Structure formats: structure tokens, C-alpha cells
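Look at the sequence and the structure first, then read the points below.

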Amino acid sequence: MTTRFPRSLPPPPPLQAAIYARVSSDQQAERHTIDSQISDLKAHAAQDGHAVPDEYLFIDNGVSGTGLVRPALERLRDLIALSAIDIVYVHAPDRLARSYAHQVILIEEFTQAGVQVIFHNRPIGDTPEDTLLLQLQGMFAEYERTRLLERSRRGKRHRAQEGSVSARRCPDRCCK
């Protein structure tokens, strides 16, 4: 009697990881504050055993997270739709989108494509509690953004009433 051994299957190909990072303001972009996000996310991916090639770094530097149309996010979504990415590392939910509704849309789109979204600031699992936490973070990010805009408008209005701000500013932002 001969013993049959199961055929050995080749190992599955490694998962393709990507990084999405974003800062909103030109000031943050000029100060290179996005570099810390990228560094943290690369380290997180490496710790999980994933190499992230430069072509899979999706960086929206100085781009608001209020809308869904952002250059790097659009490229990322296109590759996800083509099943070219398996895992996306993002620093925090508000880096993905500042609107709770947009966060839901993106995460659902990524999940339906079989892509795992990993948030660096706190891993989000599949439990109802994790889903609730993600929803709350999204709502708080949206609230925080609204409050920030309100304070900024109030400050600008006050400075204009005091006569310390011109109604027209240099479009190149070189003049104060």
C-alpha cells in the first residue's frame, strides 16, 4: 500500500499594503507635519510584516478632508476598485475623511472590495463596540472641524472690525 501525500500548494502571494496620509492646511504642508504620519504608518505596516513601496504611498498634502475628491484618495480608490490593494493604513479616521458620512462611504467601499482598513491611532475590529467607536470618532471629527471654522470666522470678523485685517489678501499669501 502506498501512502499518498497531499500536493504542496505554493504559498499565497504577500498582501499588498498601502498608506493614506493627509494634512489639511498649506501651513501644515509647509511644516512637513505629514512626515510624522507617514513614518508612524510605515513602522506599523513593517511591524505587521508588510512592505509599502513608494508607489503605494497616497499623500494628500495640504488638501481638505471635507470632500471625497482628493488627488491621492482618488488614485487609492481606483487601485482598490482594481483589487490591487489588500490593506490600507491610515493614521486616524479623521485623516481619511472629516465628514462622518464620507468615512462611512469610504470604509464601506473598501470593505466591499475586500480591503482591510487599519487605523494607527487605535485598531478598529468588527465588534459592535468597535463600530460604535469609529462612528463616534467620525462624528467628533466633523464637530471639531465645524467648531474650528466657527472660531476662525469669529476671529477674522473681529480683526476686520478692529481694522487690523484687509478685506482683500494677496493670493500668493506672501503679504500679511
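In which helix do Glu74 and Arg77 both lie, and how many residues apart are they? Both are in helix H3, three residues apart, which is about one turn of the helix. The model is a predicted one.

**A network of salt bridges**

- Glu74, Arg77 and Glu109 are linked in a network of salt bridges.
- In the bridge between Glu74 and Arg77, the closest N and O atoms are 3.7 Å apart.
- Arg77 also forms a salt bridge with Glu109, where the closest N and O atoms are 2.6 Å apart.
- This second pair links distant parts of the chain, since Arg77 is in helix H3 and Glu109 is in helix H5, 32 residues apart.
- Arg77 has a relative accessible area of 18%, and it counts as buried because the cut-off for buried is under 20%.
- Glu74 is partly exposed, with a relative accessible area of 28%.
- Glu109 is also partly exposed, at 26% relative accessibility.

- The side chains of Arg98 and Asp94 meet in a salt bridge, with an N to O distance of 3.6 Å.
- Arg98 has a relative accessible area of 12%, so it is buried.
- Glu144 belongs to helix H6, which covers residues 128-161.
- The C-alpha atoms of Glu144 and Arg98 are separated by 9.0 Å, and the two residues are 46 apart along the chain.
- Glu144 counts as partly exposed because its relative accessibility is 43%.

**The largest nonpolar core**

- In soluble globular proteins, nonpolar side chains tend to be buried together.
- The largest nonpolar core in this model has 33 residues.
- Tyr20, Leu76, Leu96 and Phe110 are the residues with the most contacts inside this core.
- The strands that give two or more residues to the core are E1 (17-23), E2 (57-61), E3 (87-90) and E4 (116-119).
- The helices that do so are H2 (34-47), H3 (71-81) and H5 (100-112).
- Strand E1 provides the largest share of the core, six residues.

Key:
Residues are numbered from 1 along each chain as its sequence is written. This is a predicted model: local features need pLDDT of at least 70, side-chain atom pairs count only at pLDDT 80 or more; totals for chains, interfaces and linings use all residues. Side-chain values use heavy atoms; hydrogens and water are left out. A nonpolar core is a set of buried Ala, Val, Leu, Ile, Met, Phe, Trp, Tyr and Cys residues joined through side-chain atoms within 4.5 Å. Buried means under 20% relative accessible area, exposed over 50%, partly exposed in between (1.4 Å probe, protein chains only). Helices (H or I, at least four residues) and strands (E, at least two) are DSSP runs, numbered from the N terminus. A salt bridge is a side-chain nitrogen of Lys or Arg within 4 Å of a carboxyl oxygen of Asp or Glu.
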